[in-house]
Amino acid sequence: MGRVKGFEEKPKAPKTIPQNPEKIYASMGIYVFKNEVLSQELQEDAKRTNSSHDFGKDIIPQMLKKGLKVAAFNFIDENKKEAKYWRDIGTIDAYYEANMDLTEVDPVFNLYDRDWPIRTFQEQFPPAKTVFSGDEVAGRIGLSLDSLVAGGCIISGGQIRRSILSPNVRINSYSQVHDSILMEGVNVGRYAKIKRAIIDKDVIIPQGTVIGYDPDEDKKRFFVSESGLVVVAKGTEIK
């Protein structure tokens, strides 16, 4: 941890590290504030007419001018892969692609590297499980392929492929979820079909709902990105 003395947002000629002139210190865009400090700075910045209201361009430089203590953590990539990992997830599409990377056979960002574990809070859910396997002809089979399935999930006679299921998600019979991210508490009803979508927390997908197959229909109900990715907001009531 080191004290930050200066901060420039995307300079054309960035200052190099004195001990290593071939490298620079770059911000990863991850900030941690005390609540009262952040509230004060945002309120002050909101009153500035010459501000773009951006952390890197305005908030942090202004804090340094005021003499407030700003520190930086020197992140060291311990990834064993040849390529170092970094993704800018400033857009919905970039966020989606970063998640989909994790479903690859050998992703650059390896969640399973015990020598470089990713620490985060994990609520105590029961193990994920799949049920129904004897009715494949009728399409009622609990199946997960090329996917990440968190604890508490039940794949009950539905099928998921190349998708990410957050904790406590339920996939009901005859439904299909492909190339999608489902947040915590999502419940996918029977015969539903979902493709290339992000479904936010606590959304109930009614029986027979189709998402991601007809762009024009999707745009009438949900946000659709430039690439055609469908986003269903947290707690959305689908009728």
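Guide: Start with Phe-73, in the loop between β2 (71-72) and α3 (92-101). Keep in mind that this is a predicted model.

Visitor: Is Phe-73 buried or exposed?

Guide: Phe-73 counts as exposed, because its relative accessibility is 62% and the cut-off for exposed is over 50%.

Visitor: Which residues form the nonpolar patch on the surface?

Guide: The patch is formed by Met-28, Ile-30, Phe-73, Phe-75 and Trp-86. Together they have about 570 Å² of accessible area.

Visitor: What about Asp-88, where is that?

Guide: Asp-88 is in the loop between β2 and α3. The residue is exposed, at 61% relative accessible area.

Visitor: What does the side chain of Asp-88 reach?

Guide: The side chain of Asp-88 reaches the backbone nitrogen of Gly-90, at 3.1 Å.

Visitor: Switching topic. How many salt bridges does the count come to?

Guide: The count comes to 10 salt bridges. In general, side chains of opposite charge can pair when their charged atoms come close.

Visitor: How far apart are the N and O atoms for Glu-41 and Lys-66?

Guide: The closest N and O atoms of Glu-41 and Lys-66 are 2.7 Å apart, in a salt bridge. Glu-41 lies in helix α1 (residues 35-46) and Lys-66 in the loop between α2 (55-65) and β2, so the pair ties together parts that are 25 residues apart in sequence.

Visitor: And is Glu-41 buried or exposed?

Guide: Glu-41 is buried, with a relative accessible area of 2%.

Visitor: What does Arg-162 form a salt bridge with?

Guide: Arg-162 pairs with Glu-104, with the closest N and O atoms 3.5 Å apart. Arg-162 is in the loop between β7 (159-161) and β8 (164-165), while Glu-104 is in the loop between α3 and β3 (129-131), so this pair ties together parts 58 residues apart in sequence. Arg-162 is partly exposed, with a relative accessible area of 28%, and Glu-104 is partly exposed at 40%.

Visitor: One more pair. How far apart are the N and O in the salt bridge of Lys-15 and Glu-8?

Guide: For Lys-15 and Glu-8 the distance from N to O is 3.4 Å. Lys-15 counts as exposed, at 62% relative accessibility, and Glu-8 is partly exposed at 44%.

Visitor: Let's look inside. Which residues of α3 are buried?

Guide: The buried residues of α3 are Tyr-96, Ala-98, Asn-99 and Met-100. What covers them includes β8, β11 (181-182) and β14 (197-199).

Visitor: Where is Gln-159, and what does it touch?

Guide: Gln-159 is in strand β7. Leaving out residues up to four places away in sequence, Gln-159 touches Gly-139, Ile-141, Leu-143, Ile-171, Ser-175, Gln-176 and Val-177. Gln-159 counts as buried because its relative accessibility is 16%, and the cut-off for buried is under 20%.

Visitor: Now backbone angles. Which phi does Asp-146 have?

Guide: Asp-146 has a positive phi of about 50 degrees, although it is not a glycine. Asp-146 sits in the loop between β4 (143-145) and β5 (148-149) and is exposed, at 57% relative accessible area. Asn-168 also isn't a glycine, and its phi is positive, near 65 degrees. Asn-168 lies in the loop between β8 and β9 (170-171).

Visitor: Last, the whole chain. How many helices and strands?

Guide: The protein has 4 helices and 18 strands. Its radius of gyration is 22 Å, well over the 18 Å that the globule rule gives for 239 residues, so the protein is more spread out than a compact globule.

Visitor: What does the C-alpha trace span?

Guide: Along its principal axes, the C-alpha trace spans about 65 × 45 × 35 Å. Buried residues make up 32% of the 239 residues. The protein exposes about 16,100 Å², and carbon and sulfur atoms supply 51% of that area.

Key. Residues are numbered from 1 along each chain as its sequence is written. This is a predicted model: local features need pLDDT of at least 70, side-chain atom pairs count only at pLDDT 80 or more; totals for chains, interfaces and linings use all residues. Side-chain values use heavy atoms; hydrogens and water are left out. Patches are made of residues with over 30% relative accessible area and no salt bridge: like charges are joined within 9 Å, nonpolar side chains (Val, Leu, Ile, Met, Phe, Trp, Tyr) within 5 Å. Accessible areas come from the Shrake-Rupley method with a 1.4 Å probe; for residues, only the protein chains shown count as cover. A salt bridge is a side-chain nitrogen of Lys or Arg within 4 Å of a carboxyl oxygen of Asp or Glu. Helices (H or I, at least four residues) and strands (E, at least two) are DSSP runs, numbered from the N terminus. Buried means under 20% relative accessible area, exposed over 50%, partly exposed in between (1.4 Å probe, protein chains only). Contact means heavy atoms within 4.5 Å. The radius of gyration is taken over C-alpha atoms; the globule rule is 2.2 Å times the number of residues to the power 0.38. A polar contact is a pair of N or O atoms within 3.5 Å; within protein, one must be able to donate a hydrogen and the other to accept it, and residues adjacent in sequence count only if both atoms are side-chain atoms.
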